[in-house]
Amino acid sequence: MWVAQIIEEFQKCHVDHPIKKFFGECTDLKIKLDRCFRQEKAVKRKANFEESMKFKERLQAYKKEMAEKENES
């Protein structure tokens with residue numbers, strides 16, 4: 001199930017059950033939604049970490065290159 005579908009169902013549940021929502025009527029959908037968001041966040045976190053490692057490598061290579069140029073002078 002797509003996140004957008006779960007969000008729509010969750011919002012519809014809140015509209016359809018204005019009182020029951022306080023007593024757990026929509027809890028299953030909320031749990032599904034939380035799981036989707038956690039998975040999405042994990043994917044983004046991994047991508048950000050990989051990108052930061054690439055940046056760190058480029059930065060270290062640049063520093064090494066600048067140090068070598070400075071030593072040549």
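Is Cys-13 buried or exposed? Cys-13 is buried, at a relative accessible area of 9%; buried denotes under 20% relative accessible area, exposed over 50%, and partly exposed in between (1.4 Å probe, protein chains only). The model is predicted, with local features requiring pLDDT of at least 70 and side-chain atom pairs counted only at pLDDT 80 or more, whereas totals for chains, interfaces and linings use all residues. Residues are numbered from 1 along each chain as its sequence is written, and side-chain values use heavy atoms, leaving out hydrogens and water.

**View A. The disulfide of Cys-13 and Cys-26.** The whole structure contains 1 disulfide (a pair of cysteine sulfur atoms within 2.5 Å). The sulfur atoms of Cys-13 and Cys-26 lie 2.0 Å apart. Helices (H or I, at least four residues) are DSSP runs, numbered from the N terminus. The S-S torsion is about -90°, so the disulfide is left-handed. Cys-26 is buried, at 3% relative accessibility.

**View B. Cys-36.** Cys-36 is buried, with a relative accessible area of 15%.

**View C. The largest nonpolar core.** Its 7 residues are Ile-6, Phe-10, Cys-13, Cys-26, Leu-29, Leu-33 and Cys-36. H1 and H2 are the elements that each give two or more residues to this core. A nonpolar core is a set of buried Ala, Val, Leu, Ile, Met, Phe, Trp, Tyr and Cys residues joined through side-chain atoms within 4.5 Å.
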